[in-house]
Every structure is written in C-alpha cells, then in structure tokens.
Amino acid sequence: AAALPGLRPERAVIEVWTDDPDAVPVIAAFGERSALRAVLRAPFTPAPNLAITAFDLRAAEGIPAEEEALVRVANPTPWPVQAVLALETEDAILGESAIDLLPGQELIRRYRFQPLPGSGVEAIVREAVFEGGPVGPDGAALGDALAADDVAYAWVQPVEPVTIWLVSDGNRFLERVLALIPGIQLTRLSTQEYRDRKGRGADAVDVVFFDRFAPLLSRDGPLPPRSVLFGVPASRTPATVRGAADKPVVTDWNRSHPLFEGLVLRDLNIQTSIVFEPGEGDVRLLGTTSGALALAREHGDQRLVIWGFPLSASDLPLRLAFPQTIVNLILWMRDGRTVSEPPGERWRLRDPWWLDGAEGMAQITDLRQQAYAARSGDPLGLRRATWRVPLGDGPTPYRFPRPGLFRVQDPSLGVVDLGVNLASLEESRLADLPPGDTVVLASPVEQDESPAPGPAPWWLLSLGVAGVALLEFGIYTR
C-alpha cells in the first residue's frame, strides 16, 4: 500500500487490532523496518475471566470400582477470585465445591464417584467473584467475561461394579472379610440355593467363592469362569491330587503372583491339606516339600484358585495378610475385564472436524441441549438442538459453534459422539492485553464534492492562438 502512486508513506498510519500482549515488539520491529507508523489497538478493555484448562475422566479398577475425575482451573487475571466448581450430568450433580485462586494460579481438583453408565459429564465454574477487578458503567464488579472456557466435557469410561458370590453353609471368616470390603455387591448363597439355580448368573460375577463345596457338572452346571475353592473334597477338585498332608510345613509362597504381592505368609500353620500336582498352566501359590498346597490357573477369561485346605483348618484368617489376600484375589479376577472404552471421543474447539461423506447432508446434535429440551418439554429447543450441514464432493471441514457433547451423523463415517472443549488458554487471557497506543488519530479531512474544473476545449485554444496571430500580423503591416 505504501508504494501506491499518490500515497505519502510519511503520513500513513497502520492500525493493528489484537489481544496478544506479545504483539508490542512485533509491531515495533515492523515500524523500524518499514518506516511506517503502526498503532496498536486492543479490541476490548481488560476483563476478568476464569478458565477450565483440563478435564479428564477415567475408570478406577480398584476396590471399590469408581470413576475418577481431574479438573484443572486457571486464573489468568491479576485479581484474586472465588467461584464454585461443579461436576454434573444431564440429570444429577456429582459434586460441588468452592474454590479460591490467586492471580495467575492454577488449581487441580480430583473427584471420585460411583460408576455411571456410559454418558458425558460436564465440569462447570460459576458464580465467579473477582476481588478488585474492573467494574461496569453502573459501578458493579464485572463477572466472568468468557463463557466458552467456563465449561468442559468428558465421556465416562464405564467400569463394572465389584460383584461377589459366597457359596457356603456358614464361614464367618469369609463373611466378615467380604462384608468389610467397601463398594462390593455381595450375594450369599447356601450350597442348596446354588444347586437350585444350577449356577445361573455365575458367569457374569467377578468372583464366586466356594467354601467346602464344588459344583457337580451333571447336577449343578459347570464351574464358573472365575472361581475360588476352599477345602473342596479331593474327589471334587478340578486339579490333580497327589495326596494329603497333616500339619504340612509351608516352604514357599509365590510372591511374584498378584495374589501374594507384597505379603508375607511365613510360619503359616495348617492342620491338614490336600497336596496337588501342578499341571500344565497351573501356578504354584503355596507349597510344601511334597507338592503344592494352593494353585492358580489362568486360561483366557477363565481364572481359578484352589486352596487345599478350608480356612478353619489354618491360621490364615488370623493373619494380617488375610484381608489383603482376598482383596488381591478379587483384583486379579477382575483384571482386564471390567473397564470398557468411553462412548465418545475428545475434540478441540479450534480444530475442524472433517465430514467425509459424499454429496448430501450430515446431521449434528447437541446432546446436552437435546436432553434439557426433552425434559422441559420445549419443542422449539428440541428442534434447535439438531442441525444439518451440507457436504461437498470431498471431505468437508466443520467447526463446532461452542464446547459441548455432540453427535455427528455422517453418511460415510456413521455416528460419532464427540466431547468438544476449548482446551487452551489462548482465548482466555482477557485481562492480559497489549498496551494500546494513546495517540488519537486525526479525523479525515472532508473533501469538496463539487467537480473540479476540467481542461479547456481544444477548439477554444485554437481560436485564441489564431486571434493572437492576427493581431501580430495587423501590427506588423501597419
């Protein structure tokens, strides 16, 4: 522009509008190189803002089975702030707490809650009050200026609750230990009750404890895929029996197996026990000089632990390691089978989502807006929760209008659920602005709209030249 004819570079002024506080040296360097005057302008006055910069959900496979949430909140302003942080589903508040952040501080909060069905969770900061912050024209303190970073969304990673069956006609040791484990769903069955139901439903249970009882295939159905047998008669045990031993001396316990990890069973007293011959795929857990006293077996999704003695015939229930042994056993049985993938993906608001269908229409639904409208009986809101996007010949980029939980129905890709978040502080630093140039630009000079006089016609010039020539000729001849 400076090189255009008629433009005077020494009088040119370039206005740069930006909210980037790092633009000052860039604009200064430009002015030095170009010899042009650049004026820096901020597009708005500094404003307070509180932002959620990270939100994640994952399943905890431990005991109890829970969902874990991590929320990170940042205060990118020079003012202290108090606010309320909440985790919500479309129909419930999972947790709510007050937070205080100093200027420039980041706060991380972790939450644990009971397993939820596969759905989305929303993290929200609300009721933000900034101490000493800017005020509006009415003198009232300004609140949070950007709503897009006050919310964040994540998908629940489904985790199954811990389910236990205890098949026994009475075992106070197991009953008391299992009753003390938090968050488990315990079902007690007598041996006759188990026979009556022929083991129906046992396949879906995390662990079935059999106390001095083992199901008979022809009468009680097959052994459940995740079973623990205590003191089963030698004729009913699924392992190879080498013999029996009275007061066997425990010579080893398998500390490398998850069942005994970090535990000590030295000097374990046992009155009597079956001695096993470990077969192919069997792992020796407890042993004596003549064979194994306890075995573990793993084959695909099937896991089995066999104890050669009943708990009442040993001092294992009196050991400090006994409760942890039961907990480790349950965790080993559940390992790798209780957590599934979240129902949706994550996406950043600034990145385009590529619709890959051929010519036609894709459909996008705001799941939160749809749920709220359906629950409140708002037909207009229900219609506005879904919209269509025309597709081109090839991949079509689409940018989501706001953070949220969206369902994208693409003719080629099918149905995809997305949790869209701002996921950055780039747009949240509303208080950290470049120092605007205070020089007031002069208003443009008003131009006279009347047409300027044009050049004289050629015939008039010719007539004037002829008149001058005739006058000179007359003077000469006189």
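Predicted model: local features only at pLDDT ≥ 70, side-chain atom pairs only at ≥ 80, totals over all residues.
View 1. Strand 17 (residues 282–288) and strand 18 (residues 291–299) run antiparallel, joined by six bridges. Strands here are DSSP runs of E, at least two residues long; helices are runs of H or I, at least four residues long; both are numbered from the N terminus. Two strands count as paired if DSSP finds at least two bridges between them. Thr288 faces Gly291 of strand 18. Ala296 has Val305 of strand 19 as its bridge partner.

Residues are numbered from 1 along each chain as its sequence is written, and side-chain values use heavy atoms, without hydrogens or water.

**View 2. The largest nonpolar core holds 43 residues.** A nonpolar core is a set of buried Ala, Val, Leu, Ile, Met, Phe, Trp, Tyr and Cys residues joined through side-chain atoms within 4.5 Å. Buried means under 20% relative accessible area, exposed means over 50%, and partly exposed lies in between (1.4 Å probe, protein chains only). Phe209, Leu286, Val305 and Trp307 have the most contacts inside the core. Among the elements that each supply at least two residues are strand 10 (162–167), helix 2 (172–180), strand 12 (207–211) and helix 5 (321–334). Helix 5 gives the most, with eight residues. Leu286 is in contact (heavy atoms within 4.5 Å) with residues including Val250, Trp253, Phe260, Leu293 and Trp307, leaving aside neighbours within four places in sequence. A second, separate core has 26 residues, including Leu57, Leu87, Ala123 and Ala128.

**View 3. Leu331 sits in helix 5.** Leu331 is partly exposed, at a relative accessible area of 30%. Not counting residues up to four places away in sequence, Leu331 touches Glu61, Gly62 and Ile63. The C-alpha atoms of Leu331 and Val207 are 9.6 Å apart, although 124 residues separate the two along the chain.

**View 4. Four strands make an open antiparallel sheet in the order 6-5-8-9.** Strand 6 (93–101) and strand 9 (151–155) are the edges, each pairing on one side only. From one strand to the next, the twist averages 15°. Angles run from 0 to 180 degrees between N-to-C directions; axes are lines fitted to C-alpha atoms, for helices over the stretch in contact. Seven bridges join strand 5 (residues 81–88) to strand 8 in the antiparallel sense. Glu88 stands opposite Glu122 of strand 8. Helix 6 packs on this sheet, touching strand 5, strand 8 and strand 9, and its direction makes about 85° with that of strand 8.

**View 5. Glu122 of strand 8 (residues 120–130) comes together with Arg368.** Glu122 is buried, with a relative accessible area of 8%. A polar contact of 3.5 Å joins the side chains of Glu122 and Arg368. Such a contact is a pair of N or O atoms within 3.5 Å; within protein, one must be able to donate a hydrogen and the other to accept it, and residues adjacent in sequence count only if both atoms are side-chain atoms. Arg368 is one of the buried residues of helix 6 (residues 367–376), along with Leu367, Ala371 and Ala373. At the start of helix 6, a side-chain oxygen of Asp366 reaches to within 3.2 Å of the backbone nitrogen of Arg368. Just after the helix, Gly377 has a positive phi of about 70°.

**View 6. Asp301 and Arg226 meet in a salt bridge (3.0 Å, N to O).** A salt bridge is a side-chain nitrogen of Lys or Arg within 4 Å of a carboxyl oxygen of Asp or Glu. Asp301 lies in the loop between strand 18 and strand 19, and Arg226 lies in strand 13, 75 residues apart. Asp301 is partly exposed at 45% relative accessibility, whereas Arg226 is buried at 2%. The whole structure has 22 salt bridges.
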